[in-house]
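Subject: Handing over the two-chain model

Hi,

Here is the structure I promised to pass on to you.

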Amino acid sequence: MKRTLAALIIIGLTAVQIPALINNLYSFELANGLKVFLVPEPNAEYASLLVYHLTGARDEPAGIQGASFLYQYLIYQKTENLEAGDHFLIMSKTAGAMASRINYDYSSFYKIVPDTEINTVLWLESERLRSLQLDDHILDQQKKLFNSRIVRKRGGSVENRAYNWVHAAILQGTAYEKHLYEDAGNLVNADNSDLLKLYRNFTDPGRIILVISGRFAIDELKNLINRYFQSLPAGSRTRPVTFFPAEPRREIIFENWVEADLPYNLVVIGFRFPARISHDQVFTDFLRYYLIDERLSRLDYALNQANNLEARINNDLTDYFEANSFTIQISTRKRIQLEQAKYVLNRELEFIQGTPLKSQDLRAVKTLMELDYLKNLSRPEERSYLIADTFHRYRNLGHLESHLKRIQRITAFDIQRAAKKYLNRDNQVILNVYAE
Amino acid sequence: MPNNKKTNKTIFGAFIAALLTMQAIFLVGNQVHSFKTQNGITLRVIQDQQMSFIHAQVLILFDFSDLPSSHFTPSIPEMTVFHLFAKEIDEPSSPLLRNLRRLGGDYQLEMKPDFLRISLNFPNDRLPNFGAFLKELYNYNHFFLKKFNNSLENYWSIFFRQENWKSILAERIGYSFLFPDQPLGWCFTPYTELRQLNLFHLRSFYRNSFQPQRSKVIIKSNVNPHVTLGLLERSLHGSGDSESSAITTPTLSPQTPRPDQHRKIVFFAGEDSEPPLFTWLEPLPDVNHPDHLAHLTIHQAIFAFPGGRIYQQRFNRFTARAYQFTSEVIHHRGVSVIKHQTMINYPDIEPLISLIDQEKRRLLAQPLDRREYLEAVNYFLNKAKVSTADFEQEVNNEVFQFIAGFNQPFNKWLPTMVRKLSPEKTNNVVAAILSSGKDNLQTDLGGTIVIIGNRDPLIRQSFSFTVEWIRQD
């Protein structure tokens, strides 16, 4: 009887066709709205589970900013059947690994264990979703701990402060202007009932996507999923979300800082890059590879090989749906080297905007982008994330296949156009940090 | 009152039964084809129909037989590899790097004292380019004086630009102190001594080491193994000598250094503002030794987070601050080395060392109990299963076999070793280690500790132990 019921609850197990990229991808939805994707790998000996929440920092009301970030520290607290910290201990005994990503647009929790422990991870996650016991005492304690962590992060290095400043300037006027935990210090005074209200988003099955990979028997797994997740009360039916891509900036911003006891000089140059839902995203991704990726290292070549400036280069690209910040950070020991480095960088940027890339450069970058994408699809964590994220953005998985085709079809003119649009002076934020 | 002994026996019996099942499971996997090319390369092709690109690894075991016995010798293998592969000094452009670029440029080098591992990923249609790369690897003829001088000039500045330079440097410094008179310890040269090298040293080392017979190539993808062999044979035609003698392995000590050797604590004083990197290195018997797994079990029981003994003392400052060690076993022929690393605050350096020593000594008074033993062994077995998620894992196992001179596949070795082990055997190993170093028990427990941090706070800390200093300049 129970089995029949389980079969009824699962609505239409369907094989999703992503030929050549992901073999045997199945999906179904529970009656309460929880969406499940299964990627069986019979030759493997692991099982992985991604719980992807269609909720993130952008859902935080005023006054409790940083609450989503705090949530990742609360998931190990007491539940109906677990004491605080048990979750972590159980995972460590399986030799498994855990990872979490908290973003403005989504939050995700990933676990990988031996295949024999699939039951354990499903149960652990269902405990979190069903019965996480967050009372005032725990919340107050965790808010204080969280605050001290944030103070440590914010009071960090000059590089961090500089990066945060540039990031905020690039994304000014978008949903992402403030850093994820910029206002989290105020969380200490937040009303716990507001936090608990927000955390209901995390238990809403209509806002959850499960992606399970590895070795398992599909029928047994379906029964386990039913056992652990069908009792979650039905939440909101997810409506297709509409995202609005932001346009590039129209005015350059300059700032200079002088810092005492700094053993080097530093410049952080930021650009507003397109939304992840934008068609231009694949072209700007190409530009990032071309300029910064250490396997190609165009910028490293220009600064350190051609001009011998002994510059250290770092970069960062955010992962937001509607607008992104791409920052390049260059540091040198001498100030004159930094000025030369900025000159060289500007020439490189002007060159890409003015001249179509050579076919060999185009081919080299496209090969790396393709390889990285295929490697990601071979790794359970990245693949699970790509499946959930693609479904979140487009409500179908066709994009997984078409993304590879889009990489293959990139032309030099696409890149030149994207460079003109996103690397131009008006779309830049420049912060110089000089040693006193 | 429950019969604990009986319960434990039942658990242990169930555990052994589970192991036997696991061994059967370990045999599942992709098909592996073994070949020897005409010029002597050992080739493995792992046929994986799910893979949409090629993952390959090339291993070169170094030959130290012709190296001069001199204080600058350590830099010869490192500078040879740097000369061959550093993009920053590739002027005039070498065909070796050109071939790597043609493959797509997605490669990584791992340099250890006794071998070089090149890991590559490339599209399936570039397999012929891979053959061309191998040919160039064994026939490199691009040793130029200008490039060599550039290598010497820029080596350290390029080294410090690597993201994980601290970890690499800590390991090298540690090896140079752990194995001071053996090739395994020839991996760290102070800046000033690089100047005593000449191009001839590099060329000579290259000729001896970069031989097909000293190499293993492993390819994993959805490729036809015989077509792959044919393509590589065609590319490699005429390179190398099929009649060359078999590998003469590096002259590593077959004996594991004993823990009663005096421990060294080394500070590398730099300019970095991050918290210091704490690295604990200790030699173990190699994988062919019956006690290898017992040693790993002991380390697991002490260092594993959060169940290890160093985290069990209530309110100790390491639990509170959650200094989580990452551990790695590095295999060589004749010896393995276990490496534990964590970032740490300056004031905690001395207490951490004392705590680890204290917990190691306590093993005599309070041997591993069955729970600790089972948790450690289960961890190894589970870890092996979780690692099947990595597409590189099967290739890594082949590499491990070749490096360690090991005569059975890793996936068979682990369950076999586990079946031969018991808590009693593990505790006998503990007793043997600690009693052999009895005289030093109050002072040190062997191994080498390397701390890479900023010179100012390091100097300001007072330590009760003797420290060796290396300065960045």
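How far apart do the C-alpha centres of domain 1 of chain B and domain 2 of chain B lie? The separation is 28 Å.

Some housekeeping before the rest. This is a predicted model, in which local features need pLDDT of at least 70 and side-chain atom pairs count only at pLDDT 80 or more, while totals for chains, interfaces and linings use all residues. Residues are numbered from 1 along each chain as its sequence is written, and chains are lettered from A and ligands numbered from 1 in the order in which they are written.

**Inside chain B**

Domain 1 of chain B covers 31–236 and domain 2 covers 264–471 (the bounds come from an automatic or database domain assignment). Between them, 23 residues of domain 1 are in contact with 23 residues of domain 2; contact here has C-beta atoms, placed from the backbone, within 7 Å. On the domain 1 side, α6(B) makes the largest contribution, nine residues. (Helices are DSSP runs of H or I with at least four residues, strands are E runs of at least two, and both are numbered from the N terminus.) That side divides into 11 nonpolar, four polar and eight charged residues. Ala, Val, Leu, Ile, Met, Phe, Trp, Tyr, Cys and Pro count as nonpolar, Asp, Glu, Lys and Arg as charged, and the others, Gly among them, as polar.

**Inside chain A**

Chain A is assigned domain 1 (9–229) and domain 2 (253–435), with C-alpha centres 28 Å apart. Their contact takes 35 residues from domain 1 and 33 residues from domain 2. Again on the domain 1 side, α6(A) gives the most, with nine residues. The make-up of that side is 26 nonpolar, seven polar and two charged.

**Between the chains**

Here 35 residues of chain A are in contact with 31 residues of chain B.

Ser48(A) lies in strand β4 of chain A. Is Ser48(A) buried or exposed? Ser48(A) counts as buried because it has 27 C-beta neighbours inside 10 Å (20 or more is buried, 12 or fewer exposed, and in between partly exposed, with C-beta atoms placed from the backbone). Beyond four places in sequence, its contacts include Tyr110(A), Ile212(A), Glu381(A) and, from chain B, Ala389(B).

Happy browsing!

Note on methods. Two residues are in contact if their C-beta atoms, placed from the backbone, lie within 7 Å.
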